[in-house]
Amino acid sequence: MSGELVDGVVPPSVSNRANVLEVENLRVDFPTDDGLVRAVRGLSYTLAPREVLGIVGESGSGKSVASLAVMGLLPKNARVSGQVRFGDENLLGLSESALARYRGEHIAMIFQDPMTSLNPVYTVGWQIAEAIRAHRNVSQRAALEKAVELLRLVGIPQAADRVHNYPHEFSGGMRQRAVIACAIANDPDVIIADEPTTALDVTVQAQVLESLRIARERTGAAMILITHDLGVVAGQADRVLVMYAGKPVEVGTADDVFYRPRMPYTLGLLGSLPRLDVGGRRRLTPIQGSPPSLINLPPGCPFAPRCPMRQPICQQEEPELRPTDHPGHLAACHFSDSLVGVAPSDLFRPTARDDVLPEDAGDSAAPEVTA
Amino acid sequence: MTLTESASPPANSTNREPILSVRHLVKHFPVRGRGLIRRVVGQVHAVCDVSFDLYPGETLGLVGESGCGKTTTSRVILNLQPPTSGEVRYQGQVISSLSQREMRRLRRDIQIVFQDPYASLDPRMPVNEIIAEPLRIHGMYDSKSGPRQVAELMRTVGLNPEHGNRYPHEFSGGQRQRIGVARALALRPRVLVLDEPVSALDVSIQAGVLNLLQDLQEQFALAYLFVAHDLSVVRHVSNRIAVMYLGRLVEVAETEALFAAPSHPYTQALISAIPIPDPRKERARQRIMLSGDVPSPVDPPSGCRFRTRCPLFATLTDAEQRRCIDEVPALVDRGQGHPVACHYARPVQVL
C-alpha cells in the first residue's frame, strides 16, 4: 500500500490505514555447515484491521520462521531481509529497544507451547501484570486487577483466585488462555498465533479457539494464525496463505483456497485429508515424495518433483504468485488455469506407495529451523 | 471394505468369534511419595473395567484424548505391561498371565506399530536388518530365503527394496513409519495394534500410510486395533469405534452409527469439537463447549467420570444428578442400538 506517507507520529497510529501490517519480500537464511538454508524465500502479505490471515504449510515450510522474523525473535545468525511495515516503521531495521516498544503493545505473539512461554517461577497474574506495566504506567495493584479481568475474559474460572496460581497449577488449556490474556493485555493491533492449539486436545482446542475469538473481538486486533491444521484455518481465517518450501504458493479468501484451489499443492493437501464429515471408505490421494531441501534448492517450481501436472517449464522457471480467475486470489503455478473444476482425485493417484528417498529429491525432511 | 448397515447391532459380532477379547481390564499405576522409602500414596487409574472384542479382519478404532488410557490399554493387550486385573484373550486363550517365553510365541500373531517413527527404529541398523530382526528372533530367517522375504516386505509396504541397505535417517517420516509396519508384518501377524501410527506425520504423507494400512488389511486379512486421538482419521479407517474417557469406555458403535447418532455427551462434544476443513460448514457449526479440563486420573470423580464436565449433567434435576454421582453408568445398549455408558443417553445430531 502507500507506505510513503509522512506523518511523523511515533509510534504511528494505524487505525486509519488500510493495513495494520505489511510484509514485503521477507527472506530468512540460516548459514549452516552444509550450506545456506533458505528458510523463507520471499514472503509478502498484508493484514487488514480485524482480519484473520491463516498461514498454513507442513513442517519445514517456513511458516514459523517467517513469523519469528516479523517479531524480530530469530537467533543472531539468521540473515533477514525485506520489509515488515507496521505503520510507517520498518520493524526489520529496528534496534532491540525500539522493537520492545512494538512487541506486546502493538504486535503480540502466542506460541505453541504455553509451558515454555510462561515463566514457571512467577504467578500467572504477576506475568500478566508485568506485560501491562512494561507499556503502561500503572500501579501493581491496578495491573493485577486488569489481569483478573483479562483472565475472566479468556474464560478462566475463579479468575480472582487463579491469578495467584503458578503456571504449573494450570492445565495446558488454561495456560494457553493465560498466554492469550498476556497477549491482549495491551490491546495490540496484531496478534500472531503460532500453532496456538497444536499441543492441546480437541475439546480444549475448541475452548482456546473460543478464547482467541473473544480476545480478538474485545481488542479489535487482526490476527495471523499459523497452523498445519486445515480444519482450524477453515473455521477461523478470513484469508488463507499456503506456504511451500519457504514461499507462498497460494493466497486467497478461505473460500477461494478451500473450494477453488489453483495450486496443485493445495489441491493435494485437501485430497490427503480424512474428513470427519464424510463417511464410507473414501480413498485418500496423498502427495508423493517429500518437500525439497532448503539447501541448494534446484531451479524451477519447488513442488515440481511431486507435482502430477509438471511440464518441462516447471523445472526451469519458478512461477511467481499471479492473479487467478478470482480477484484477490493468487497462485504460484504455471498452469493454475487448468485447475478450474479439478478435484484432488482427478490429479493425484490414490496410491499407497512411497518409494523415493528424500535424498534423491534433495536431502529433505530437514527439521524446522527455529531458535 | 464392507459397510455394515448403520443402526442395527453389529452384524459381524454376533456370529463370529472375536480374535481378541478384553474383559474388565484394569490397570493402575502406583504413585509414590517423595523421600527415602517412597511409599505408595495413590494410584493412577489409567484403565478401568474396559471390555471389548476385536473381530478378524476388522478395524476397531480406540479414540480418546491424551491421558484417557488408550495407549496403556494397547500396551496391556500386548502384555508389555501386566494388567492390575481383568484378562485379555487371544483366540480364546488368556494371554495376560502368560510367561515371557509363552508370550513370545504369541507375539508372532499380535504385533504393534508405534507412534514415533523417529524413536522406534534403531538408527544404527540398516533397514534390511530392522525388518529381518523379528524373523531372526523367532528363528524364521534363513540366509537363502531371508533377504528375498525382506525385499518382498519392503515392496509390500510401498518402499523400494533397493533401499534396504540404507539407514533410517535417510528415509522420510512416512517411509520410516512404513519400515515399522514392514517389521510388524514380518511374522505374518493376525492382529496389528497401531498406536497413533500417523499422528507424527504431515497430512500429505499421512494419507499414503493410511492407504497402505487399508491395502494391507485387505491383503492379509489383518485385524487392527487403531489407537488414535484424531477422530477424523479414526472415522476414515475404522469399522467400529470405541470412545474412551478417563480410563473408561463411554460408547462403542459401528462407525456410521456413531456419527449418525452419537449418544454419550462426551462423544457428542468430541465430534463437535473437531474442525472440518470446509469453511462454510465450519462457520455454520454449533460447538458443544466443554467446561474445564479432564480431572486427574489419580482421583477420578465418583460415579460417571464425565459428570464434572458434562453439559447434560448441568441440565438434570438434583435427583437425576445424584445417580450420575453415585452410580457408575454401565456400558450397555439403552435403546440406541449400541452400548453407551450414560444413564441419560440420548442420540444427538452433531455433524
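Which residues point one way from E8(A), and which the other way? I looked this up to start my notebook. A:Ala222, A:Ile224 and A:Ile226 point one way, A:Met223, A:Leu225 and A:Thr227 point the other way, and all are buried. I call a residue buried if 20 or more other C-beta atoms, placed from the backbone, lie within 10 Å of its own, exposed if 12 or fewer, and partly exposed in between.

**Ground rules**

I note that this is a predicted model, in which local features need pLDDT of at least 70 and side-chain atom pairs count only at pLDDT 80 or more, while totals for chains, interfaces and linings use all residues. Residues are numbered from 1 along each chain as its sequence is written, and chains are lettered from A and ligands numbered from 1 in the order in which they are written. Helices (H or I, at least four residues) and strands (E, at least two) are DSSP runs, numbered from the N terminus.

**Confidence**

I checked pLDDT, the predictor's confidence in each residue from 0 to 100. Chain A has a mean of 89, with 92% of its residues at 70 or more. I found pLDDT under 50 over residues 1-16 of chain A, and again over residues 362-371 of chain A. Where pLDDT is low, the predicted coordinates should not be read in detail.

**Around strand E8**

I went back to E8(A), residues 222-227, and saw that six of its six residues are buried. Two strands pair if DSSP finds at least two bridges between them. Strand E3 of chain A (residues 52-56) runs parallel to E8(A), joined to it by five bridges, and A:Ile55 stands opposite A:Ile226. E7(A) also pairs with E8(A) in the parallel sense, over five bridges; here A:Ile191 has A:Met223 as its bridge partner.

**Helix H7 of chain A**

Next I followed H7(A), residues 172-183. Its twelve residues reach 17 Å from the first C-alpha to the last, close to the expected 16 Å (1.5 Å times one less than the number of residues). Eleven of the twelve are buried, so the helix is largely enclosed by the rest of the structure. Among the buried ones are A:Met174, A:Arg177 and A:Ile180. They pack against several elements of chain A, including strand E6 (107-110), helix H5 (140-153) and strand E7 (190-194).

**An open sheet**

I traced a sheet of four strands in chain A, in the order E2-E1-E4-E5, with antiparallel pairing. E2 and E5 (89-90) stand at the edges with a single partner strand each, so one side of each has no neighbour in the sheet. Between E1 (residues 21-32) and E4 (residues 79-86) of chain A I found six bridges, and A:Val28 stands opposite A:Val80.

**Two domains**

Chain A is divided into domain 1 (21-237) and domain 2 (243-272 + 284-361), with bounds from an automatic or database domain assignment. Their centres, taken over C-alpha atoms, are 29 Å apart. I call two residues in contact if their C-beta atoms, placed from the backbone, lie within 7 Å. By that rule, 21 residues of domain 1 of chain A touch 15 residues of domain 2 of chain A. On the domain 1 side, E2(A) gives the largest share, ten residues.

**Chain meets chain**

Last, I looked at where the two chains meet: 51 residues of chain B are in contact with 49 residues of chain A. On the side of chain B that touches chain A, H7(B) gives the most, with ten residues.
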